[in-house]
Amino acid sequence: MSESGKVTFWSLRQKFVDSDDDVPAESQQVMYYSLAIGHHVGMIDCLKTELQCPLEGYNDWLTLLPEGEGRRKLSGLLKFGEITIDATHTSLLAYTVDALSKTGAEPFKSWSLRLIELLAEIEREPAIYLIAKRH
């Protein structure tokens with residue numbers, strides 16, 4: 001595939017909410033998820049670039065992954081232009097890229113290792129999200 005462009009994975013680690021209202025603790029996760037998927041009223045996102053790769057390389061990486069839900073999730077970036085990765089995806093995606101993180105050729109091994117590191121951070125702090133975008 002000879003598409004130009006790149007793929008960037010950002011982490012959403014901090015949020016500033018412009019509100020005088022106190023949000024109950026049990027409602028914060030719902031609020032954070034809603035804000036992460038695009039409902040940004042009164043919200044400033046602090047995105048940190050975590051991983052970048054050329055679009056063609058991303059396509060090649062996907063072809064090396066085993067068939068299944070993890071590959072389908074990561075392929076959604078090609079179909080929709082953007083995906084969000086949260087705590088519900090960590091085990092699935094870590095399992096999907098695990099073999100490449102151990103025995104894959106570069107740069108796929110490094111990308112897989114970095115994604116596993118980011119997924120582990122989400123496991124430790126479920127309020128963190130990853131946003132991957134094609135541009």
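Predicted model: local features only at pLDDT ≥ 70, side-chain atom pairs only at ≥ 80, totals over all residues.
Which loop does P66 lie in? P66 sits in the loop between α2 and α3.

**Stop 1**

Check the surface of P66. P66 is partly exposed, with a relative accessible area of 42%. Now show what surrounds P66. Beyond its neighbours within four places in sequence, P66 is in contact with R71 and T96.

**Stop 1**

E67 is exposed, at 67%.

**Stop 2: where α3 meets α4**

Select α3 (69–80) and α4 (90–103). The helices pack at an angle of about 100°, with their axes 8 Å apart. An angle from 65 to 115 degrees counts as roughly perpendicular, so α3 and α4 are roughly perpendicular to each other. Show side chains at the contact. From α3, pick E69, G70, R71, K73 and L74. From α4, pick L92, L93, T96 and V97. R71 and T96 were also the contacts of P66.

**Stop 4**

Keep V97 on screen and select W61. What does W61 touch, not counting residues up to four places away in sequence? V97 is one of its contacts, and the others are F9, L100, F108, W111, S112 and L115.

Now widen the view to the largest nonpolar core, which has 25 residues. Colour F9, Y58, W61, L74, I85 and L115. These six touch the most other members. L74 also takes part in the contact between α3 and α4.

Next, colour by element. Helices α2 (55–64), α3, α4 and α5 each give two or more residues to this core. Strands β1 (6–17), β2 (43–54), β3 (82–85) and β4 (129–134) do too. Which element gives the most? α5 does, with six residues.

**Stop 3: along α5**

Select residues 108–124, which make up helix α5. The helix has 17 residues. From its first C-alpha to its last, α5 reaches 24 Å, close to the 24 Å expected at 1.5 Å a residue.

Which residues of α5 are buried? Pick F108, W111, S112, L115, L118, L119, E121 and I122.

Now select R114 and E117 on α5. Their side chains meet in a salt bridge, 2.8 Å from N to O. Why are they about one helical turn apart? Because they are three residues apart in helix α5. E117 counts as partly exposed, at 42% relative accessibility. Salt bridges that share partners join E50, R114 and E117 into one network.

**Stop 4: β3 to β4**

Finish with K133 and E82. They form a salt bridge, with the closest N and O atoms 3.8 Å apart. The pair links distant parts of the chain. K133 is in strand β4 and E82 is in strand β3, 51 residues apart. K133 is partly exposed, at 34% relative accessible area. E82 is partly exposed too, at 37%.

How many salt bridges does the structure hold? It holds six.

Technical notes. Residues numbered from 1 in each chain as written. Heavy atoms only, no water. Helix = DSSP H or I, 4+ residues; strand = E, 2+ residues; numbered from the N terminus. Expected span 1.5 Å × (residues − 1). Buried < 20%, exposed > 50% of the residue type's maximum accessible area, 1.4 Å probe, protein only. Core = buried A, V, L, I, M, F, W, Y, C linked by side-chain atoms within 4.5 Å. Contact = heavy atoms within 4.5 Å. Salt bridge = Lys/Arg side-chain N within 4 Å of Asp/Glu carboxyl O. Axes fitted to C-alpha atoms, helices over the stretch in contact; angles between N-to-C directions. Parallel < 35°, antiparallel > 145°, perpendicular 65-115°, else oblique.
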